[in-house]
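Please look at the sequence and the model below before reading on. The paragraphs that follow start at a metal site and then move to the pockets and to two further residues.

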Amino acid sequence: MKSICEKIKEQGALISDGAWGTFLIANGLKAGECPELWNIERPDVVRGIAEKYIAAGSDMVTTNSFGGTRIKLAAYGLGDRTVEINQAAARLSREAAGEEVNVAASIGPSGKILMMQDITEEVLADVFREQALALEAGGADACNVETMSAIDEAVLAVRAIKESTNLEIICSFTYDSESGGTYHTMMGASPEEMALALIDAGADILGTNCSQGSRQMIDVVRALHRAAPDTPVLVHPNAGLPVLTDDGETYPETPDFMAACVPELLDAGALIVGGCCGTSPKHIEAIKAAVAAHQ
Ligand SMILES: [Zn+2]
């Protein structure tokens, strides 16, 4: 199948998917339960999420494997099922995606901090390599190393994946807002530093996801695009910042609001637009229409 970068060259901007966790919770995932175990125990629910996003117009879908490193799974006593759980994650998304839609498997942070010497580089590289190989074996053609905030961890992950798989690699960071319109991750990385380090490590696509709503993402996208004008930029905004209500967390940005931000995101340099926490197939449908109208 065509890679995501090849499709961008031919078609222009692509649509990715939105939140997954919201669906699992709506289907009964309890606090303290391992979301990734649902790849084995509730495969129809997990496959159904990918199916709904594809029906909404996603050109690529992720997988239910954000917390799928051996380190994260071990916290649930599931470390020895790492390969099985990740292979299942990729297989379910691939079953929904068929041969036209790309599967960019989700790989989240390990939760370990290299700078604090929580873990050695060798062990952490093995952890990411193991997850990526299992996702590739399950049918992913790309991976999305996402919600990262430390450059050293992301570089190590991307290098390990590049060396051991044929996956196309997206690397996406989470930025907090700062005064004066500049953004840094909680580990202090700027979009410019991140872009240069991750391209050098072998990332094919750069991105930003989570933590911010659509408006705040515009400046981050612009900074990434300026730092790396030849590398496609992905943007997955949250549906705004969560508001605590009696029903739990709700997200304020409607599909129409997010769609209204799409022209500025595209003008800032975004070539893949989707959503993070709080977004749904309705948001993706509205984003798709806005991208089509802008092109
Ligand atoms: Zn998020």
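Cys277 is partly exposed, with a relative accessible area of 27%, where buried means under 20%, exposed over 50% and partly exposed in between, for a 1.4 Å probe and protein chains only. This is a predicted model, in which local features need pLDDT of at least 70 and side-chain atom pairs count only at pLDDT 80 or more, while totals for chains, interfaces and linings use all residues. Residues are numbered from 1 along each chain as its sequence is written, and side-chain values use heavy atoms, with hydrogens and water left out.

The zinc ion is held by the SG atoms of Cys210, Cys276 and Cys277 at 2.2 to 2.3 Å, and these donors follow the spacing C-x65-C-C along the chain. Donors here are N, O and S atoms within 2.8 Å of the metal (3.2 Å for Na, K and Ca), and since water is not among the atoms, sites may look incomplete. Cys276, at 12% relative accessibility, counts as buried.

Cys277 also belongs to the group of residues, with Trp20, Gly21, Thr22 and Phe66, that lie nearest the centre of the largest pocket, which is lined by 35 residues. A pocket is an open set of points on a 1 Å grid over the protein atoms alone, where a 1.4 Å probe fits, with protein on both sides within 12 Å along at least five of seven lines; lining residues have an atom within 4 Å of a point. About 870 Å³ of space lies in the largest pocket, a volume being the space filled by probe spheres set on the points, which are joined across faces, edges and corners. The largest share of its lining, 5 residues, comes from α2, helices being DSSP runs of H or I with at least four residues and strands runs of E with at least two, numbered from the N terminus.

The second largest pocket holds about 260 Å³ of space, and among its 17 lining residues Pro109, Ser149, Ala150, Met186 and Met187 are the closest to its centre.

Ser58 is found in the loop between α4 (43-56) and β2 (60-61) and, at 4% relative accessibility, counts as buried. Leaving aside neighbours within four places in sequence, Ser58 is in contact (heavy atoms within 4.5 Å) with residues including Ile15, Ser16 and Ile284.

Ala292, by contrast, lies in helix α12 (residues 281-294) and is exposed, with a relative accessible area of 53%. Its C-alpha atom is separated by 10.0 Å from that of Gly12, 280 residues apart along the chain.
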